[in-house]
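Have the sequence and the model open side by side. The text below goes from the whole chain down to single residues.

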Amino acid sequence: MAPSVDRQGYWGRPTSTLDWCEENYVVSFYIAEFWNTVSNLIMILPPLCGAIQTFRDGLEFRYICSFLGLAAVGIGSWCFHMTLLYEMQLLDELPMIYSTCVFVYCLYECFKQENSISLFPIAILLIFSVSVTLVSVMYGALVGCLVMRSIFIVTWVYPWLRALCYTSLGIFMLGFLLWNIDNIFCDSLRASRQTLPPAVGVLTQFHAWWHIFTGLGSYLHILLSLQIRSTYLKYRPKVKFLCGVWPTLHIEPQKTS
């Protein structure tokens, strides 16, 4: 975590229980942690586009909720890192739990009838999300459920989806590694940024990289979940690359025989 000595800015003294390693109000008087803020764009814009595409394809509402949940995480994280206020910290942490609950539901209910709703897992996830107060433990448990279920499916059911599964997991874990480095070696990172050129020093904002990699990993996980579901329902999913770079999933309306 960051040392307590930082500049004051538009939002005043931080009231959040966490203050990350990026120096406060260095880039902008109006944004406490500039790079930790703008890096959330990857969790906002692509998921919104994904939600629109999922709606156009006429797919189940749960997958629209998955994309919108990831976008909510990005918006909440943007507000938190911009202000470092406790109220915005909750806006960051709680959507992480609720959106991951949606991910878990989608992946564990992927082999059911189309448009079916299972109330029992929904109730379990709701109880879990409101009863466990330690956010890190809750989030870790939910992610663990996703990892185990994903590996099971690509090992025993759809092995041709292994590349997408392990790419998603690897990118997410890389972000988690950088998050830990940012926490453990904060003093060293801050000292190095005093001597490095600004364009190089920004690359050591590892919490911002955590946003980028976990945002991309989570987005790819939703694509994986959609691939699994649409394949089970005998649709023909196709991965297309926007501008030749960004992966999107398109579902043809006709089912295979």
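The paragraphs that follow cover the fold, the packing and surface, and then the strand pair.

This is a predicted model, in which local features need pLDDT of at least 70 and side-chain atom pairs count only at pLDDT 80 or more, while totals for chains, interfaces and linings use all residues. Residues are numbered from 1 along each chain as its sequence is written, and side-chain values use heavy atoms, with hydrogens and water left out.

The chain contains 10 helices and two strands; helices are DSSP runs of H or I with at least four residues, strands runs of E with at least two, numbered from the N terminus. In sequence order the pattern is α-α-α-α-α-α-α-α-α-α-β-β.

The C-alpha atoms occupy a box of roughly 65 × 45 × 30 Å along the principal axes. Of the 257 residues, 49% are buried, meaning under 20% relative accessible area with a 1.4 Å probe, protein chains only. Among contacts (heavy atoms within 4.5 Å) between residues at least 6 apart in sequence, 64% join residues at least 24 apart.

Strand E1 (residues 236–242) and strand E2 (residues 246–252) run antiparallel and are joined by seven bridges. Lysine 238 stands opposite histidine 250 in E2. Three residues separate E1 from E2 in this hairpin, and cysteine 243 in the turn has a positive phi of about 55°.

Note on methods
Buried means under 20% relative accessible area, exposed over 50%, partly exposed in between (1.4 Å probe, protein chains only). Two strands pair if DSSP finds at least two bridges between them.
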